[in-house]
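Grab a pencil and open the viewer. Here are a few exercises to work through, each with its solution.

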Amino acid sequence: MSDGDELNTGTIGWHDLTVQDAALVRTFYERVVGWESRPENMGGYSDFSMMMPGTGEAVAGVCHARGVNADLPSQWLLYIRVRNLQESIARCLELGGGVIAGPRERAGGNCCVIRDPAGAVCALFQP
């Protein structure tokens with residue numbers, strides 16, 4: 001891991017929203033907050049990268065609750081960067097949390113979805 005990666009540990013690196021009808025919800029956010037969207041081919045359907053208006057900078061994803069996302073709750077899921085995913089999973093379990101999905105490969109690294117002891121859900125991401 002480079003020094004640059006080390007500085008990003010603990011930061012929120014991405015947000016996804018997983019829902020039954022991603023096209024409907026994509027249009028909702030385009031009209032409510034002004035995001036633009038880009039379809040992402042998922043093999044038979046498209047999820048969407050949501051971008052800042054006029055810049056093309058991707059800031060979030062709106063995803064269908066299908067495939068590896070089928071069991072995820074309909075909520076914004078933030079991805080927190082960790083140094084070592086396996087160590088973070090072990091600590092999560094030791095401290096009363098749970099693993100909901102994964103670990104699995106994701107573009108640029110590996111991730112899993114966890115539940116903390118209060119029931120809140122987030123994802124851990126190791127680049």
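Predicted model: local features only at pLDDT ≥ 70, side-chain atom pairs only at ≥ 80, totals over all residues.

Residues are numbered from 1 along each chain as its sequence is written, and side-chain values use heavy atoms, with hydrogens and water left out.

**Exercise 1.** Work out what kind of aromatic pair W35 and W76 form.

*Solution.* Start with the rule: rings of Phe, Tyr and Trp (its six-membered ring) pair if their centres lie within 6.5 Å; planes under 30 degrees apart are stacked, over 60 edge-to-face, and the rest tilted. The structure holds 4 aromatic pairs. For W35 and W76, the centres are 6.1 Å apart and the planes make 75°, so the call is edge-to-face. Next, zoom out: ring pairs link F28, Y29, W35 and W76 into a cluster.

**Exercise 2.** Find the ring under the charged end of R106.

*Solution.* A charge sits over a ring if NZ of Lys or CZ of Arg is within 6 Å of the ring centre and within 35 degrees of the ring normal. For R106 that ring is Y79, 4.5 Å from its centre. Likewise, R26 lies over the face of F48, at 4.3 Å.

**Exercise 3.** Is strand 7 mostly covered or uncovered?

*Solution.* Strands (E, at least two residues) are DSSP runs, numbered from the N terminus. Buried means under 20% relative accessible area (1.4 Å probe, protein chains only). In strand 7 (residues 109-115), 5 of the 7 residues are buried, so mostly covered it is.

Notes:
Buried < 20%, exposed > 50% of the residue type's maximum accessible area, 1.4 Å probe, protein only. Helix = DSSP H or I, 4+ residues; strand = E, 2+ residues; numbered from the N terminus.
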